[in-house]
Amino acid sequence: MNAVEKTRKLKEKAHSLGFELAGATPAVSSPQYPDFLNWLSKGYAGEMGYLERRKEERGDPQKILLGAQSIFCVGLSYNPSPEHYPLLENNPISCYAWGKDYHEVLGEKLRVIADYLQSELEPGVQVKSYVDTGPILEKDYAAAAGLGWIGKNTLLLNKKFGSFLFLGEIITDTELAYDEPTDNLCKTCTACMDACPVNALEEPGVLNATKCISYLTLEHRSDLPENADLHGYLAGCDLCQTACPYNVHAPQGRQPAFQPRSEILNLSADSTASMSPTEFKQFTQNSALERIKYPMWQRNVQSC
């Protein structure tokens with residue numbers, strides 16, 4: 001089977017599984033890799049030491065999968081439904097974590113695609129799949145595969161589906177038909193930068209994570225800086241996304257798994273402050289919030 005036919009079938013499979021976006025790009029070092037190294041050197045990664053430890057792999061897909069030729073990229077929308085959009089303004093949990101853990105949801109779908117490639121399209125082909133966990137610059141490769149462009153808030157943006165997107169990748173040692181990148185349509189707009197209350201976006205496309213509310217609530221393990229202002233958020237932050245014009249008319253995500261759980265809908269200041277370790281474990285179970293440990297949660301609550 002030639003590369004064009006193989007890629008067409010992979011995209012059809014991805015769309016049948018609910019992915020709104022799919023594309024392929026060569027498994028070569030990303031042109032943005034030097035920018036990533038420069039970003040690390042400035043200390044903008046904060047306590048995210050895993051980025052430094054595996055930085056060489058992020059610059060060379062061959063270090064992830066020997067013989068890699070292609071990266072098949074997919075995007076799945078988690079844009080809230082109109083009825084839940086008010087929660088973006090008054091819920092202390094970022095909407096990426098309202099439903100089931102996206103790692104599990106996308107991971108299962110990627111396994112189906114990978115199995116399809118290995119069993120039906122090209123038996124014996126090698127694959128490595130990741131959902132926000134592997135040493136790969138996923139947003140840069142997604143942009144190279146034509147899924148969108150990198151916005152000034154450093155997130156992948158798609159003209160139709162906006163930026164509330166979960167991304168996944170399959171690295172493989174087979175040749176695919178490669179897509180062309182799309183134009184960057186942000187132009188002179190600075191809505192996302194203007195919306196950030198802590199000025200974490202040092203310049204267009206450059207995030208100082210040590211200032212970012214999402215980083216401070218989710219990744220920063222030690223005590224918060226004395227001047228930290230979480231602006232009411234306990235886990236993540238949606239402010240730079242809700243301000244983006246491309247999210248205003250984006251269709252809602254179609255995955256029932258990402259709909260807000262009842263625990264999210266009924267969350268209150270009293271319930272967040274009074275959670276016991278057992279209640280917190282139950283509250284975060286099977287969600288992306290499992291990344292937050294109970295002491296971090298207490299710290300965040302006390303800082304709001």
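**Entry: ground rules.** I noted that this is a predicted model, in which local features need pLDDT of at least 70 and side-chain atom pairs count only at pLDDT 80 or more, while totals for chains, interfaces and linings use all residues. Residues are numbered from 1 along each chain as its sequence is written, and side-chain values use heavy atoms, with hydrogens and water left out.

**Entry: the whole protein.** I counted 15 helices and eight strands; helices (H or I, at least four residues) and strands (E, at least two) are DSSP runs, numbered from the N terminus. The C-alpha atoms fill a box of roughly 60 × 40 × 35 Å along the principal axes. For 304 residues a compact globule would have a radius of gyration near 19 Å, and the 19 Å of the protein agrees with this; the radius is taken over C-alpha atoms, and the globule rule is 2.2 Å times the number of residues to the power 0.38. Of the 304 residues, 52% count as buried. I also looked at contacts, meaning heavy atoms within 4.5 Å, and found that residues 24 or more positions apart account for 76% of the contacts with a separation of 6 or more.

**Entry: the cores.** I then looked for nonpolar cores, each a set of buried Ala, Val, Leu, Ile, Met, Phe, Trp, Tyr and Cys residues joined through side-chain atoms within 4.5 Å. In soluble globular proteins, nonpolar side chains tend to be buried together. The largest core here has 49 residues, and Phe72, Ile93, Leu106, Ile113 and Trp297 touch the most other members. Among the elements that each supply at least two residues of this core are α1 (3–16), β2 (70–77), α14 (277–284) and α15 (294–303), while α6 gives the most, with nine residues. Leaving aside neighbours within four places in sequence, I found Phe72 in contact with residues including Leu10, Ala24, Ile113 and Leu176. A second, separate core of 41 residues includes Phe36, Leu51, Cys73 and Cys196.

**Entry: cysteines.** How many disulfides are there? I found zero disulfides, a disulfide being a pair of cysteine sulfur atoms within 2.5 Å. Cys73 is buried at 0% relative accessibility, and its sulfur is too far for a bond because the closest cysteine sulfur, in Cys186, is 19 Å away. Cys212 is in no disulfide either, with the nearest cysteine sulfur, that of Cys196, 6.6 Å away.

**Entry: aromatic rings.** A pair of aromatic rings is described by the distance of the centres and the angle of the planes. By the rule I used, rings of Phe, Tyr and Trp (its six-membered ring) pair if their centres lie within 6.5 Å, and planes under 30 degrees apart count as stacked, over 60 as edge-to-face and the rest as tilted. The structure holds eleven aromatic pairs. The rings of Tyr102 and Phe166 are stacked, because their centres are 4.2 Å apart and their planes stand at 5 degrees. Tyr102 lies in helix α6 and Phe166 in strand β6, so this pair ties together parts that are 64 residues apart in sequence. Phe280 and Trp297 form a tilted pair, at 5.3 Å centre to centre and with 40 degrees between the planes; Phe280 lies in helix α14 and Trp297 in helix α15, so the pair ties together parts that are 17 residues apart in sequence. Ring pairs also link Tyr78, Tyr96, Tyr102, Phe164, Phe166 and Phe258 into a cluster.

Entry: In α15, I found Tyr294, Met296, Trp297, Arg299, Asn300 and Val301 buried, and what covers the buried residues of α15 includes α9 (213–218), α13 (269–274) and α14. Gly99 lies in the loop between α5 and α6 and is buried, with a relative accessible area of 3%. Gly99 and Phe258 are 159 residues apart in sequence, yet 4.1 Å apart in space, C-alpha to C-alpha. Gln255 has its place in the loop between α11 (245–248) and α12 (262–265), and Gln255 is buried, with a relative accessible area of 13%. Leaving aside neighbours within four places in sequence, Gln255 is in contact with Leu17, Gly18, Leu76 and Lys109.

Note on methods: Buried < 20%, exposed > 50% of the residue type's maximum accessible area, 1.4 Å probe, protein only.
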